[in-house]
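Please read the following briefing alongside the sequence and the coordinates.

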Amino acid sequence: LVRLRLLPHAQRADGFADYAQRLPIDCAEHWLARTIERHLRGDAKGGTLAAENAWLAGAGELAVLLDAAMQLLDTTTAGAPLRPIARGPATSLLRRLAAGAADDAPAGALLQVLLVMSQGAEPELALARPFPRVAAPFAQRWFVTSATANPTHATSLLLVAASLGAKPDYTGSPWSQVPPELRAQLDAESARGR
């Protein structure tokens, strides 16, 4: 799977399809691989159906997280920019993520934040704040990197990074893009996150 992740985008779907074919159809990993493969091919409905089969095969929260992430994030480019999702599918994904147990799948809270942002709303920082401290540094880096790839959402993404405890550095990119009038808010959120 690590090797597949490093392949060019066009070859990844075939790689995940081959991987799935080597696994029994009643195995959760088979359906998780199918979820990724179908989303990489642009088949969102097929990806969601495969995720539901993965859930039934025992993948649990991971199937929901994977389905949401594959629809929300543009996996063809570095930095994983947000993809616009129609309101109906976004509402369905939000409902499914909100039904998950935060202790079992804390990343669901961050995906909810991203889904809200993909609809043009301000991020709900209350969802991001309780994210586990042990994983927060990785999430911070992802949000900071994504701010560079998403100029229209940069300030909101950096606000989420700050709520996870990232320390703003307004001398370098992407933090330097934050308007001066919003920097106090990011500093306060960063202090709260730490």
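Axes are lines fitted to C-alpha atoms, for helices over the stretch in contact, and angles run from 0 to 180 degrees between N-to-C directions. Helices are DSSP runs (H or I, at least four residues) numbered from the N terminus. This is a predicted model, in which local features need pLDDT of at least 70 and side-chain atom pairs count only at pLDDT 80 or more, whereas totals for chains, interfaces and linings use all residues. Residues are numbered from 1 along each chain as its sequence is written, and side-chain values use heavy atoms, with hydrogens and water left out.

**Helix packing**
- The axes of H6 and H7 come within 9 Å and cross at roughly 160°.
- H6 and H7 are therefore roughly antiparallel to each other, a label for angles over 145 degrees.
- Contact (heavy atoms within 4.5 Å) involves Ala90, Leu93, Leu94, Leu97 and Ala98 of H6, together with Gly108, Leu111, Gln112, Leu115 and Val116 of H7.

**Nonpolar cores**
- A nonpolar core is a set of buried Ala, Val, Leu, Ile, Met, Phe, Trp, Tyr and Cys residues joined through side-chain atoms within 4.5 Å, where buried means under 20% relative accessible area (1.4 Å probe, protein chains only).
- The largest nonpolar core has 38 residues, and those with the most contacts inside it include Leu72, Phe143, Leu164 and Trp175.
- Helix H10 gives the most to this core, with seven residues.
- Apart from it lies another core of 17 residues, among them Leu32, Ala33, Ala59 and Met70.

**Helix H2**
- The buried residues of H2 are Arg12, Ala13, Gly15, Phe16, Ala17 and Ala20.

Definitions and conventions: Buried means under 20% relative accessible area, exposed over 50%, partly exposed in between (1.4 Å probe, protein chains only). Helices (H or I, at least four residues) and strands (E, at least two) are DSSP runs, numbered from the N terminus. Angles under 35 degrees count as roughly parallel, over 145 as roughly antiparallel, 65 to 115 as roughly perpendicular and the rest as oblique.
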